[in-house]
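Colleague: I have the sequence and the model open side by side. Can we go through them, starting with a loop and then moving to the salt bridges and the chain contact?

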Amino acid sequence: MKTKRLLDRDEVLGPLCLLPVVIYMALFIGFPFVMSFVYSISNVTIGNPHYRIVGLQNFIAIVEDPVFRKSLVNTCIFTFVSISIVIVLGHILAELLRREFRGKWVVRFLVMLPWTAPIALGAIGFLWFLDSVFSPIDWLLRTWGLLGSPDSLFGAQSNLYWLGRPELAMTSVILVHVWRILPLAAVILLAGMNAIPREIIEAAQVDGAGYFRRLFHIILPLLFPVIGVTILFATFFTFTDMTVVWILTKGGPPPNSTQVLASLAFLKGIAGGDLAQAAAVALFFFPVLAGIAAIVLRLVKKAVVT
Amino acid sequence: MATVEFRGVTKNFGQVKATDGVDLAIKDGELLVLLGPSGSGKSTLMRLCAGLEQPTSGTIAIDGVVVNDVSPRERGIAMVFQSYALYPHKTVFDNIAFPLTVEHMAKEDIRKKVEWAAGLFGIGRLLDRMPSQLSGGERQRVAIARALVRRPRVLLMDEPLSNLDAKERHYARGELKKFQRGIGVTTIYVTHDQVEAMGLGDRIAVLCEGRLRQVGTPEEIYDRPADIFVAGFIGIPPMNFIEREGRIAGFRPEVFRPLELVQGDELMRLRYRIERVENLGGYRVAYGVVDGTPILAKLPHRYPVTEGEEHDFAVSIRDIHFFHKDTGLRIEG
């Protein structure tokens, strides 16, 4: 009786409902965040947990490190290229999924699959797809005569070595990552498209606008807030993701052709044991991502208000 | 300006017949109201005319030219949607200008035309605003200005007043009629509101379940309804029906009056048991029964009645409509 009355009070019920989230965020986001900050200004390593403050030394060291700079450039390429592809393909996919056709739910299910399947599993699948010797893609190319003979399109060698050549490795990593976040982007964009009133699109049609004018003058501007949010999410997932890179290439082929910040932090901190420098690398995300989030959210808000 | 002609137009959505063999001709410069309950096919008919839907069979002709295979943009039509469908990210100016920019018209000409249309509807001072900053009535004017700015051959309006409050709607109706007369554009107007239909239409086409029931002037529809459906749909409160000598006799609540107030030689006298009286300000409506059939009456001003008692009421024979018992069609005579 007494607990019931207590729960009826908003000032009790509200905080109580929020509590799990607050605990979760404090434990799994707040605590590691603070720890990485604490580590980044110290000389802590796995072998020597004795804590001594060294100031900004770690940051100076990583900025001067050519591997870090290479990883930073790679991360930017990786993020920018995959997001661009994801937004364009996601839009096309959403447009297709909006149409009515037989077996739509099966297709929707299949489209969502890469997102629901564990990423490690999918990446391992691709590891085999892109194998240097047994790659089925190479096998198909050879069968079609595009690979393996002196006059074929992709060269005379028997395999493409997807993960073994610097440019091709980056391409492979990007494509696998696109495969992974495309469903999420498509579903967000689909929801955004469905939220545009049908009458507005029909009005444009009656007003004489053809498909591309409707797309660029009506639909895309109205989708802008949704696209902004999609870019935001996709950027975060890409910028901070190391699973695809780690499983496919571990940052290789040498020298660090596909090394990104997240994998570098892992390499330094966990594999190399230098927690302090790893924390400094990881913290580098923070101002960058916070800045992107602020810009995108501001643009989105502006678009919604008008 | 143009005529519009539907010939045997049928549209199926799966198993459902939205419109079923509709033949209808709209004259040049006329305002024709498509009236019917929801699901009667009136919006479908308009969307077919706009080219937003393709007929399953039959033809639609504008100015005598069959337009079945002509895209909406080439039909020379304009449409005002129920939600107004203003482009929320464009200013009022850009909204009205949109149909013109699509035609790649010169900037200066666009400005002139937009100002002309805006002046017509008194929205010149709103041109820099965004749609979200406008009231319902203002949005409606912008929507109509956008529709008229490129001088369409046919104007289609889909319940354009239904999002206005009752008072705004009253004024908007008068203005609409004035503009339509002034510009003289052939107009098809869809509504489920019979008051709007009676007040606006040069002619009314009554639809039910995809079929055309009657086409005529508001007077014809009211005075000589073609069947029981039209008779019952038009008029507030709705017409009473009672079975007499193997036919259905229909009479309106406004002509069903106390015996001593009814004039004429031939009367149909009825014992009317009044169960409840509703005071609607300007008039009162009585809910009662005659021989077990529920009957409504519009009571004369200050006429005393007692709830729960029987009264002598009557209708003049002239005011009674007779309908066939099985087909529901009007019996002349």
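Colleague: Where is Ala85(B) found?

Modeller: This is a predicted model, where local features need pLDDT of at least 70, side-chain atom pairs count only at pLDDT 80 or more, and totals for chains, interfaces and linings use all residues; side-chain values use heavy atoms, with hydrogens and water left out. Residues are numbered from 1 along each chain as its sequence is written; chains are lettered from A and ligands numbered from 1 in the order in which they are written. Helices (H or I, at least four residues) and strands (E, at least two) are DSSP runs, numbered from the N terminus. Ala85(B) is found in the loop between strand 6 and helix 2 of chain B.

Colleague: Is Ala85(B) buried or exposed?

Modeller: Buried means under 20% relative accessible area, exposed over 50%, and partly exposed in between (1.4 Å probe, protein chains only). Ala85(B) has a relative accessible area of 3%. It therefore counts as buried.

Colleague: What is the phi of Tyr84(B)?

Modeller: Tyr84(B) also lies in the loop between strand 6 and helix 2 of chain B. At 4% relative accessibility, Tyr84(B) is buried. Most residues other than glycine have a negative phi. For Tyr84(B) phi is positive, near 70 degrees.

Colleague: Which residues does the cis peptide bond join?

Modeller: Most peptide bonds are trans. Here omega is about -10 degrees, and the proline of the pair, Pro237(B), sits in the loop between helix 8 (228-233) and strand 11 of chain B. The bond joins Ile236(B) and Pro237(B).

Colleague: How many residues of helix 1 of chain B are buried?

Modeller: This helix spans residues 42-50 and is mostly covered. Among its buried residues are Leu45(B), Met46(B), Arg47(B) and Leu48(B). Gly51(B) follows the helix with a positive phi, near 90 degrees.

Colleague: Which residue of chain B pairs with Asp207(A) in a salt bridge?

Modeller: A salt bridge is a side-chain nitrogen of Lys or Arg within 4 Å of a carboxyl oxygen of Asp or Glu. Asp207(A) meets Arg146(B) at 3.6 Å, N to O. Asp207(A) lies in the loop between helix 9 (198-206) and helix 10 (211-239) of chain A, and its partner in helix 4 (residues 136-148) of chain B, so the pair joins two chains. Both residues are buried, and the partner asked for is Arg146(B).

Colleague: How many residues apart in sequence are the parts that Arg203(B) and Glu30(B) tie together?

Modeller: The closest N and O atoms of this salt bridge are 2.4 Å apart. Arg203(B) lies in strand 9 (residues 203-208) of chain B, and Glu30(B) in the loop between strand 2 (16-26) and strand 3 (31-35). The pair thus ties together parts at a separation of 173 residues.

Colleague: Is Lys17(B) buried or partly exposed?

Modeller: Lys17(B) forms a salt bridge with Asp20(B), the closest N and O atoms being 3.9 Å apart. Asp20(B) is buried, with a relative accessible area of 18%. Lys17(B) has a relative accessible area of 44%, so the label is partly exposed.

Colleague: How many salt bridges are counted between chain B and chain A?

Modeller: Over all chains the structure holds 29 salt bridges. Glu202(A) and Arg47(B) meet in one, at 2.6 Å, N to O. Between chain B and chain A the count is 2.

Colleague: Which element gives the largest share of the side of chain B that touches chain A?

Modeller: The contact (heavy atoms within 4.5 Å) takes 27 residues from chain B and 19 residues from chain A. Salt bridges between the two chains number 2. Helix 1, strand 6 (77-80) and helix 2 (92-102) of chain B each supply at least two residues of the touching side. The largest share, 4 residues, comes from helix 2 of chain B.

Colleague: What area is buried between chain B and chain A?

Modeller: Buried area is the accessible area (1.4 Å probe) that two parts lose on being put together, summed over both. Carbon and sulfur atoms give 59% of it here. The total is about 1900 Å².

Colleague: How many helices and strands does chain B have?

Modeller: Its C-alpha atoms fill a box of roughly 75 × 45 × 35 Å, taken along the principal axes. Buried residues make up 52% of the 333 residues in chain B. The chain has 8 helices and 19 strands.
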